[in-house]
Amino acid sequence: MKNSSPQDNQDLTQLVGVGPSTKEKLGRLKIYTMEDLLLHLPFRYQDRTRSVALNRLRINEEQLVTAEILDVTPSFGRRRSLLVSLGDDTGFVNMRLFHYSRYQQQQLKPGLFVRCFGSVRFSQRGLEMVHPEYTVFEEKPPEPEAELTPVYHTTEGLSQNKIRALCKQVLEKPLNIPSLDLELSDASSISPKLKTAIKRLHRPNPDDSAEKLSLARERIAREEFVAYFLGRKQQKQNARRQVAFALPRGLSLGRILQQQLGFALTVAQGRVITEILLELESDTPMLRLLQGDVGSGKTVVAAFAAIRAAENNYQTAILVPTEILAEQHLGNFKQWLEPLKIEVVLLSGKLGAAQRKKTLEAISSGKAKVVIGTHALFQSAVHFCSLALTIVDEQHRFGVEQRLLLRNKSSGSESVSRIASEKSTGGEIVPHQLVMTATPIPRTLTMTLYADMDVSIIDELPKNRLPIKTRVLSETRKTEVIDSLPKIAESGRQIYWVCTLIEESDQLDSTAAETAANELSALLPSLRIGLVHGRFSTQDKNTEMQKFKAGDIDVLVATTVVEVGVDAPNASLIVIENTERLGLSQLHQLRGRVGRGDSQSHCILLYSEPLGATAKERLKVMRSTNDGFKIAEEDLKLRGPGDLQGTRQTGDKLFRIADIFEHAHLMQESMQTADTLIVENPELSKTIVSFWSDKQSELANV
Ligand code: ADP
Ligand code: MG
């Protein structure tokens with residue numbers, strides 16, 4: 001069993017090759033402990049276990065080649081390059097390097113051998129591999145690797161090789177990971193042990209079948225589901241001993257907001273606001289999920305709840321996943337609440353020392369009634385005076401544990417303990433919780449995943465919205481699409497251009513976005529082209545987003561950083577590249593960036609060949625409906641167990657490894673396992689929950 005704290009044997013710097021800088025980079029991938037690294041599973045594999053004979057090379061596929069160097073010629077065509085001719089008993093292939101050092105040129109000598117791994121393409125001079133990974137050998141090279149090579153998600157400055165080496169190190173360590181191996185063993189005898197499953201997924205044998213790998217994923221998914229349900233049950237058990245501040249109807253400042261909004265609330269918004277405000281009147285802690293499609297107007301609903309807390313002289317904390325979103329909320333809440341004399345602050349990770357001190361004081365004195373922030377809200381320096389309500393936006397990014405941490409922040413202050421002791425119940429005081437999500441999931445899954453929560457649904461979009469018109473086009477028609485942009489810009493509308501080229505690294509994505517921005521700037525000199533991607537600092541991202549919102553940019557080229565919650569109502573076209581790689585929920589989220597104003601919006605989904613059957617189905621679904629719940633139902637149908645390839649891992653995952661669609665069939669059973677376990681083995685239950693909880697907030701809390 002795990003009985004050591006994250007501090008002693010979990011610190012990543014104990015690994016060879018991890019210093020402060022690598023540690024910081026791993027943090028960007030949300031890897032903070034060895035366990036996190038262990039659970040950072042590859043999203044695909046390369047087969048370097050056998051060399052392909054040169055007469056059997058397949059075009060556009062990554063392959064391992066072992067051959068002799070026949071000739072090396074620098075070539076001075078349009079672009080300088082080094083052409084290395086390779087041969088084996090069966091045929092020939094060229095290796096072409098555009099960037100190479102003198103050392104490389106000297107190292108590559110006819111008569112020596114190379115082993116290279118890369119994709120093969122046609123060229124004027126026959127088959128060639130451009131910049132493959134290669135190693136030079138004096139003699140005939142030894143046998144290739146015995147296991148498939150994992151490919152991991154990584155980030156700028158952290159190479160595939162580095163992260164591979166780190167995962168390998170962790171796998172070789174005698175790590176004690178808690179598991180339900182015994183508890184789950186009789187359920188399915190073909191299911192591997194947890195550790196075996198993790199190892200298998202990091203380093204499969206070449207002959208491991210897809211089913212075998214899928215079973216390994218299922219094994220981990222079951223563990224994670226059980227941990228999730230255990231966490232929820234613990235929370236529920238605690239809830240019996242908890243009370244919240246009752247927030248009765250008071251000055252009715254909400255009425256004033258309603259008059260000043262500039263739009264009429266939808267019927268659905270009105271209904272959920274009533275549901276929420278009614279529940280806030282009681283001192284039983286609210287635990288409510290607010291589900292509403294992208295653009296359905298959840299933010300303003302949150303504002304009404306925050307107003308209710310403020311007019312009772314209590315604070316509201318609003319937790320969001322990204323700084324962009326935090327800034328955007330700050331803008332909205334200020335506009336809505338400041339006329340009502342309710343002070344709103346933003347606690348950003350990027351505040352200067354003086355500003356930060358001032359903000360912290362406003363929070364601890366209770367002057368700031370609404371506090372918006374990212375993870376920065378978890379820091380131990382943050383003390384609320386009288387926190388009565390927490391609102392978590394885009395909740396899938398935050399685990400149960402994180403919400404608990406935020407909740408615990410309210411119990412420390414004096415005023416709170418005083419009021420608590422005045423209460424006859426004498427229970428622990430916790431804030432009411434409102435959790436908002438734009439990820440529509442099928443109703444059956446909602447009922448299982450959120451069985452312990454009340455659910456409010458906004459099932460209607462504001463009246464002014466016209467349904468987005470979606471077209472699916474082959475990448476070959478990109479020029480046509482580009483040519484159509486100036487007309488849109490001239491009519492005063494704006495455009496998103498989303499690049500999602502490569503899934504391995506935000507660095508490569510960023511490069512793709514830069515290239516696209518350059519290309520668009522060159523082709524459309526009359527338009528103002530903007531750019532945001534993951535390599536921008538938060539501040540630069542914000543500046544660029546603000547410029548876009550203000551209309552100072554016509555086309556915003558972006559990576560998927562624009563995905564979550566960003567609101568620029570004047571944007572009426574979104575073009576998304578490489579959509580064959582994206583999952584339905586991410587496509588839907590991205591498309592939701594437009595259609596937020598009152599003009600007709602369009603979405604163009606570009607795909608490149610080859611388009612697999614499932615990808616084709618997904619695009620068809622996107623073309624046929626705008627309804628997030630319908631899309632979610634289709635997603636559930638399209639993604640059976642074992643379909644792990646082909647969709648990009650997104651930040652909006654509710655679980656680390658389990659996928660609610662792919663593993664939906666395991667949910668019910670996992671819930672029952674949790675039911676039994678929490679009674680029969682509370683100790684193990686605790687260990688499991690803590691193992692699976694997100695470590696980021698725990699670390700922020702020290
Ligand atoms: P989401 O539910 O995706 O978080 P937002 O809260 O960001 O959606 O709202 C999207 C946009 O719609 C915002 O510009 C918001 O001000 C606007 N909006 C919200 N409710 C209404 C309404 N009832 N009528 C018109 N516009 C609305
Ligand atoms: Mg939102």
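How many cavities of 30 Å³ or more does the count come to? The count comes to 6, where a cavity is a set of points on a 1 Å grid over the protein atoms alone at which a 1.4 Å probe fits but cannot get out. Here are my notes, point by point.

1. Ground rules. This is a predicted model, with local features needing pLDDT of at least 70 and side-chain atom pairs counting only at pLDDT 80 or more, while totals for chains, interfaces and linings use all residues. Residues are numbered from 1 along each chain as its sequence is written, chains are lettered from A and ligands numbered from 1 in the order in which they are written, and side-chain values use heavy atoms, with hydrogens and water left out.

2. Around the ligand. Ligand 1 has 17 residues surrounding it, and Gly295, Lys298, Thr299, Arg465 and Asp567 are the closest (a residue is near a molecule if one of its heavy atoms lies within 4 Å of it). By class, this shell holds 5 nonpolar, 7 polar and 5 charged residues. Ala, Val, Leu, Ile, Met, Phe, Trp, Tyr, Cys and Pro count as nonpolar, Asp, Glu, Lys and Arg as charged, and the others, Gly among them, as polar.

3. A polar contact here is a pair of N or O atoms within 3.5 Å. The side chain of Arg465 puts an N or O atom 2.7 Å from an oxygen atom of ligand 1. On its own, ligand 1 exposes 570 Å², and the protein buries 89% of that (accessible areas by the Shrake-Rupley method with a 1.4 Å probe).

4. The ligand's pocket. Ligand 1 sits in the second largest pocket. A pocket is an open set of grid points with protein on both sides within 12 Å along at least five of seven lines, and lining residues have an atom within 4 Å of a point; a molecule sits in one if more than half of its atoms lie within 2 Å of its grid points. The space in this pocket is about 870 Å³, a volume being the space filled by probe spheres set on the points, which are joined across faces, edges and corners. It has 40 lining residues, with Phe263, Gly297, Arg465, Asp567 and Arg596 closest to its centre.

5. What builds that lining. Helices H10 (267-280), H11 (298-311), H12 (323-337) and H19 (538-549) each give two or more residues. Helices (H or I, at least four residues) and strands (E, at least two) are DSSP runs, numbered from the N terminus. H12 provides the largest share, 8 residues. Sorted by class, the pocket lining has 13 nonpolar, 15 polar and 12 charged residues.

6. The largest cavity. About 80 Å³ of space is found here. Among its 12 lining residues, Pro440, Ser585, His588, Gly628 and Ile631 lie nearest the centre. Helices H20 (584-591) and H22 (628-638) each supply at least two of the lining residues. The lining splits into 5 nonpolar, 5 polar and 2 charged.

7. The second largest cavity. Its volume is about 60 Å³, and its lining includes Leu38, Val170 and Lys195. Helices H5 (160-172) and H7 (194-202) give two or more residues each, with H7 giving the most, 3 residues. There are 5 nonpolar, no polar and 3 charged residues in this lining.

8. Glu609 and Pro610 are joined by a cis peptide bond, with omega about -5°. Pro610 falls in the loop between strand E23 (602-607) and helix H21 (613-624). Lys30 is not a glycine, yet has a positive phi of about 65°; Lys30 is in the loop between helices H2 (20-28) and H3 (34-38).

Methods
Polar contact = N/O pair within 3.5 Å; in protein donor to acceptor, adjacent residues only side chain to side chain.
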